[in-house]
Amino acid sequence: MSFRKESKYRLTYSDLAQLQKQLLMHGMKELYPVRVINSCYFDTDSQRLFYESEEGVTPRKKIRVRWYNNELNFKKETKISSIEGRFKSSELMPKFKNVNDVLKDNFYDKNYGILKPSLIVSYERYYFSLKLLRITFDRNITYKFLRNGKGQTSIDPETVMEVKTSQMCSDDYIKKIIPHSSSRFSKYCRGLLSFERN
């Protein structure tokens, strides 16, 4: 099992543009073309995965089905947060032919029981690398609430930069390159909370 280190930086659109410009001047290079990421998150009826994420419980999971752009190649991803670090596993889901198939499905998890579709998150992701860091910028984040059948949508007013490294990379090394304070930014939690406020 290969764990990774992940830091998130919550940014306004103007802060993101300024930071991206600074990092490009320091040698940051584009890795891949931008793409739209869509994720359907699954949770229990009592939203146990949401509450564990909000409370910072470890170990905890997030379980989602992800697809890119308009391509209908679906993957089930399980993100595990533990004391040792973060780990993500994925598997192709050929049984899903379209998004409606995803929305009709449930998963069974041995720790949580039955999991049902809860929220769809969509956003644009920009991929870069800088020395030992893999850096992504997520913009135009939108949420679609699936629990009440109304299909309500919400737009996040902020953006997020994520920095991923191996567990061997020191925090001091990251801080020298990105002298900003990291912050929590769970799209799943922010999406659900945005509908509670509305």
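Figure 1. Ser-118 is buried, with a relative accessible area of 0%, where buried means under 20% relative accessible area, exposed over 50% and partly exposed in between, using a 1.4 Å probe and protein chains only. Ser-118 belongs to strand 7, which covers residues 113-130; strands (E, at least two residues) and helices (H or I, at least four) are DSSP runs numbered from the N terminus. This is a predicted model in which local features need pLDDT of at least 70 and side-chain atom pairs count only at pLDDT 80 or more, while totals for chains, interfaces and linings use all residues. Residues are numbered from 1 along each chain as its sequence is written, and side-chain values use heavy atoms, with hydrogens and water left out.

**Figure 2. The contacts of Ser-118**. When its neighbours within four places in sequence are left aside, Ser-118 is in contact (heavy atoms within 4.5 Å) with Tyr-41, Phe-42, Asp-43, Gln-47, Lys-144, Phe-145, Leu-146, Arg-147, Tyr-188 and Leu-192. Across the protein, 67% of the contacts between residues at least 6 apart in sequence join residues at least 24 apart.

**Figure 3. The protein around the close-up views.** The protein has five helices and 10 strands. Its radius of gyration is 17 Å, close to the 16 Å that the globule rule gives for 198 residues, so the protein is as compact as a globular protein of that length; the radius is taken over C-alpha atoms, and the rule is 2.2 Å times the number of residues to the power 0.38. Along its principal axes, the C-alpha trace spans about 45 × 35 × 30 Å, and buried residues make up 48% of the 198 residues.
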